[in-house]
Amino acid sequence: MDAKSTLEITNSFPFPAVEPPPTDTYHDSNNISQLAAAAPRSKANGVYQNEMIKKLREVNVDANNVGWYTSANLGNFVNMNMIENQFHYQKELNERTVALVHDVSRSSQGSLSLRAYRLSPAFMLAYKENKFTVE
């Protein structure tokens, strides 16, 4: 819940595990990680998300989708999958949704490292008009 300038997150749940296609006899770990990175944008996981929120509400939990979360190592998390996921959330769900990033390596040094990110309106417009590249 967004209260003034503080976003309160009380519950979270992971997406179901990503299975490689059954016709693929060789599972390239890079392909599997690409599937997992795109999970927040998949239709099946959108349905899963809505179902989970519905179940939380049935047990009287204040449940609103405020974004998604991912983990990082030493602050390394900005890539095309992260940008596409956040663009999808801000465009399809709510412009105020966040990407919550847990930096596991920094957390292992003694204090929890969580940061929330949003794409700026200017970036959203540039990305929508294909005026953004990774170069």
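Start at Val-101: its bridge partner in strand S5 is Arg-115. This is a predicted model, where local features need pLDDT of at least 70, side-chain atom pairs count only at pLDDT 80 or more, and totals for chains, interfaces and linings use all residues. Residues are numbered from 1 along each chain as its sequence is written, and side-chain values use heavy atoms, with hydrogens and water left out.

**The sheet**

Select strand S4, residues 98–103, together with S5. These two strands pair in the antiparallel sense over 4 bridges. Pairing here requires that DSSP finds at least two bridges between two strands. Helices (H or I, at least four residues) and strands (E, at least two) are DSSP runs, numbered from the N terminus.

The 3 strands form an open sheet in the order S3-S4-S5, with mixed pairing. Strand S3 (67–72) and strand S5 (114–117) stand at the edges. Each has a single partner strand, so one side of each is left without a neighbour in the sheet. Neighbouring strands of this sheet are turned by 25° against each other on average, direction ignored.

Next, show H3. This helix packs on the sheet and touches S3, S4 and S5. The direction of H3 makes about 165° with that of S3. Axes are lines fitted to C-alpha atoms, for helices over the stretch in contact, and angles run from 0 to 180 degrees between N-to-C directions. Contact means heavy atoms within 4.5 Å.

**Helix on helix**

Keep H3 (residues 80–93) and select H5 (residues 121–128). Two packed helices are described by the angle between their axes and the distance between the axes. For this pair the angle is about 105°, and the axes are 11 Å apart. H3 and H5 are therefore roughly perpendicular to each other. The cut-offs are under 35 degrees for roughly parallel, over 145 for roughly antiparallel, 65 to 115 for roughly perpendicular, and oblique for the rest.

Show the side chains at this contact. H3 supplies Met-80, Ile-83, Glu-84, Phe-87, Gln-90 and Lys-91. H5 supplies Phe-123, Met-124, Tyr-127 and Lys-128. By class, there are 6 nonpolar, 1 polar and 3 charged residues. Ala, Val, Leu, Ile, Met, Phe, Trp, Tyr, Cys and Pro count as nonpolar, Asp, Glu, Lys and Arg as charged, and the others, Gly among them, as polar.

**Gln-90**

Zoom in on Gln-90, which sits in helix H3. Is Gln-90 buried or exposed? At 6% relative accessibility, Gln-90 counts as buried. Buried means under 20% relative accessible area, exposed over 50%, and partly exposed in between (1.4 Å probe, protein chains only).

Follow the side chain of Gln-90 to the backbone nitrogen of Leu-119, which it reaches at 2.6 Å. Leaving aside neighbours within four places in sequence, Gln-90 is in contact with Glu-95, Thr-97, Arg-118, Leu-119 and Met-124.

**Two asparagines**

Move to Asn-60, in the loop between helix H2 (43–58) and S3. Asn-60 has a positive phi of about 65°, although it is not a glycine. Asn-60 is exposed, with a relative accessible area of 73%.

Then pick Asn-130, in the segment after H5. Its phi is also positive, near 55°, in a residue other than glycine. Asn-130 counts as exposed at 68% relative accessibility.

**Zoom out**

Show the whole chain. It has 5 helices and 5 strands. From the N terminus on, the elements run β-β-α-α-β-α-β-α-β-α. Of the 135 residues, 22% count as buried. Among contacts in the chain with a separation of 6 or more, residues 24 or more positions apart account for 62%.

How values were computed: Polar contact = N/O pair within 3.5 Å; in protein donor to acceptor, adjacent residues only side chain to side chain.
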